[in-house]
Amino acid sequence: MYSPRDIIEVIAGNVRKTRSPFAIPRSMVNTWWKKETLRSEGDALLFTGLMYQFIPYIEKSTSYLEKYEDTKLASLVRFAKYQPKRLSGIGLALMTPGEKKKQANEILRNIAKVLTRSDVDFYYKPKLDFYSGILLYDLGDQESFVEHAKFVSGKLKRAGVKKIITVDPHTTYALKVLYPKYTGESFEVKAYFELVNFSSSNGGGQVTLHDPCFYGRYLELSDAPRRALEKLGVKCVEVRNSGTFTNCCGGPAESISPSLSKEVMERRVEELRTTGAPIVAMCPICLGNLRKSGAEVEDLSAVIARCA
Amino acid sequence: MTLVHPEFAEELDRFGVDTALECFNCGTCAAICPLIYEHFPRKMVRYIQLGARDQILEHPEELWRCLHCGLCTQTCPREANPGEVILGLKRFVVDHWRRN
């Protein structure tokens with residue numbers, strides 16, 4: 001286990017200085033939209049919160065944490081806070097394989113495709129797409145979270161944003177529940193799969209959904225992806241612990257204790273595998289963590305986009 | 001020797017912890033917690049009830065094992081909100097670190 005204090009100070013320092021937990025410049029992280037034809041005006045803003053874009057960087061940084069957990073070198077993490085933020089962020093970005101970045105970008109392209117197919121009046125502005133700060137909240141650094149959340153909500157409010165479409169459970173929870181509570185700013189927030197509005201005969205087959213804790217319990221949105229898949233003719237084969245009683249993938253512990261994260265993840269994967277159906281996730285943290293088991297896990301957006 | 005701080009539960013109010021005293025220590029939270037670890041989170045809630053502030057501060061890192069998955073909060077028969085209690089304790093400890 002790493003010292004939570006060291007990890008919090010590194011992440012909080014990065015967010016304070018660069019608005020990113022990994023200190024990677026936004027122009028390097030957020031590139032998925034460049035080959036897309038997306039409108040810059042419309043009814044609802046597509047807000048990715050950068051979490052899917054972070055998947056390859058999370059994978060890279062946690063591979064180092066895994067390697068040095070409970071060794072003498074683990075205590076060196078405390079010195080990371082003294083490194084020049086942007087320089088270490090760019091270093092991490094350069095060490096992260098391009099292929100992984102492409103895979104993460106593909107998920108967001110699929111989501112844009114699904115929204116277009118559903119005739120949703122949405123727009124995208126990379127300048128308004130920020131990390132929500134949710135990790136600071138989960139780690140208990142309330143002061144840093146609130147400071148960052150006020151910065152993001154202020155940008156959105158000044159841009160006249162009223163409706164937001166989100167793509168991951170953590171950002172959805174932050175914008176829908178935490179921002180009104182801690183920044184005083186409210187938006188009409190919907191997860192993209194709540195807006196799926198087409199049927200298709202291209203579907204078929206079956207999947208086992210892994211409900212993330214935030215969609216399953218905190219936001220009680222588990223029915224929405226199931227309704228969307230039903231319209232597409234995809235059958236959901238349930239495990240016992242699903243919906244409001246879903247089990248955690250272990251991902252939230254990966255920065256503090258990769259070994260604990262792995263232990264929880266392996267139990268969950270074992271349960272998900274019992275159905276024999278392909279496993280489908282709908283959260284970047286769950287997706288990255290469940291894949292560490294070697295299991296083939298697909299993102300929900302890919303399943304829906306195949307039918308679009 | 002452990003000092004007891006009877007005002008500890010009140011002190012935690014400003015960190016968003018206001019349900020710990022609802023707990024009657026049934027252990028449902030510890031039974032359902034995916035950590036399967038030493039009566040966690042029940043033990044931490046009990047420390048609050050006893051005013052065992054120093055126990056929390058002596059081994060604060062244990063709090064960060066919590067995945068904030070919410071299963072304990074979902075199943076708590078007393079609506080004592082153990083998941084949010086743990087999050088509030090993290091806030092209390094971070095504040096303590098920053099001030100010291």
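Tutor: Happy to! Let's start where Ala281(A) stands opposite Asp299(A) in S8(A). This is a predicted model, in which local features need pLDDT of at least 70, side-chain atom pairs count only at pLDDT 80 or more, and totals for chains, interfaces and linings use all residues. Residues are numbered from 1 along each chain as its sequence is written, chains are lettered from A and ligands numbered from 1 in the order in which they are written, and side-chain values use heavy atoms, leaving out hydrogens and water.

Strand S7 (residues 279–281) of chain A pairs with S8(A) in the parallel sense over three bridges; pairing takes at least two bridges found by DSSP. Helices (H or I, at least four residues) and strands (E, at least two) are DSSP runs, numbered from the N terminus. The whole open sheet of chain A has four parallel strands in the order S6-S5-S7-S8. Strands S6 (235–236) and S8 (297–299) of chain A are at the edges with a single partner strand each, so one side of each has no neighbour in the sheet.

Now the helices. H12 (residues 284–291) of chain A lies across S7 and S8 of chain A, at about 160° to S8(A). H13 (residues 300–307) of chain A lies across S5 (206–209), S7 and S8 of chain A, at about 65° to S8(A). Contact here means heavy atoms within 4.5 Å; axes are lines fitted to C-alpha atoms, for helices over the stretch in contact, with angles from 0 to 180 degrees between N-to-C directions.

Finally, the cysteines. Cys286(A) is buried at 5% relative accessibility (buried is under 20%, exposed over 50%, partly exposed in between, with a 1.4 Å probe and protein chains only). Its closest cysteine sulfur, in Cys283(A), is 3.7 Å away, too far for a bond, since a disulfide needs two cysteine sulfur atoms within 2.5 Å. By this rule there are zero disulfides over all chains.
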